[in-house]
Amino acid sequence: MEYFCAYQDRCHKETLQKLRELRMIPEAIDQIMAHLIQENYLNEERFAKSFAQGKFNIKKWGKNRIVNELKQRNISVYNIKSALAEIDENAYLATFNNLAEKRVATLKNGTGQQRRKKLVDYLLYRGWEPQLVYEKVEELLG
């Protein structure tokens with residue numbers, strides 16, 4: 001389990017699930033989890049920060065999607081806020097603008113309304129804030 005947690009940052013929920021898949025008894029699970037936390041193999045704050053940075057940088061997710069995914073993994077509100085604070089605001093907006101402009105360039109077919117809907121749906125699905133999305137759609141597609 002040390003290797004499992006050292007290979008990549010894991011949350012408590014993921015690790016518990018893995019231990020249950022291995023059909024460990026509850027007492028063993030408790031001991032292993034305590035050991036992993038004590039030896040700093042499991043650290044929810046570190047996990048939240050690396051998860052948020054990775055999903056933002058690689059998958060170009062917005063804050064809403066990152067928050068929802070972290071909540072599904074039972075990460076505390078404090079850790080979610082500290083993870084989001086790690087994302088540079090200028091890089092965040094630059095990524096958003098770049099993503100929206102690339103998507104508009106791929107939308108060739110359809111009426112103006114259909115193109116607007118496709119762009120809005122795409123950006124909202126990726127977790128970008130609605131006010132940002134609607135302002136950008138107005139700017140790009142009028």
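Contact here means heavy atoms within 4.5 Å. This is a predicted model, in which local features need pLDDT of at least 70 and side-chain atom pairs count only at pLDDT 80 or more, while totals for chains, interfaces and linings use all residues. Residues are numbered from 1 along each chain as its sequence is written, and side-chain values use heavy atoms, with hydrogens and water left out.

View 1. Let's start with the overall picture. The chain has 9 helices and 0 strands (DSSP runs numbered from the N terminus: helices are H or I with at least four residues, strands E with at least two). Its C-alpha atoms fill a box of roughly 60 × 30 × 25 Å along the principal axes. Among contacts between residues at least 6 apart in sequence, 60% join residues at least 24 apart.

**View 2. The largest nonpolar core.** A nonpolar core is a set of buried Ala, Val, Leu, Ile, Met, Phe, Trp, Tyr and Cys residues joined through side-chain atoms within 4.5 Å; buried means under 20% relative accessible area, exposed over 50% and partly exposed in between, with a 1.4 Å probe and protein chains only. This core holds 28 residues, and those touching the most other members include Ile66, Leu70 and Trp128. Helices H4 (44-59) and H9 (130-141) are among those that each supply at least two of its residues.

**View 3. Around Leu123.** Which residues does leucine 123 touch, not counting those up to four places away in sequence? They are Phe96, Leu99, Ala100, Trp128 and Val133.

**View 4. A second, separate core.** Look for Phe4, Cys5, Leu19 and Leu36, which are included in this core of 7 residues.
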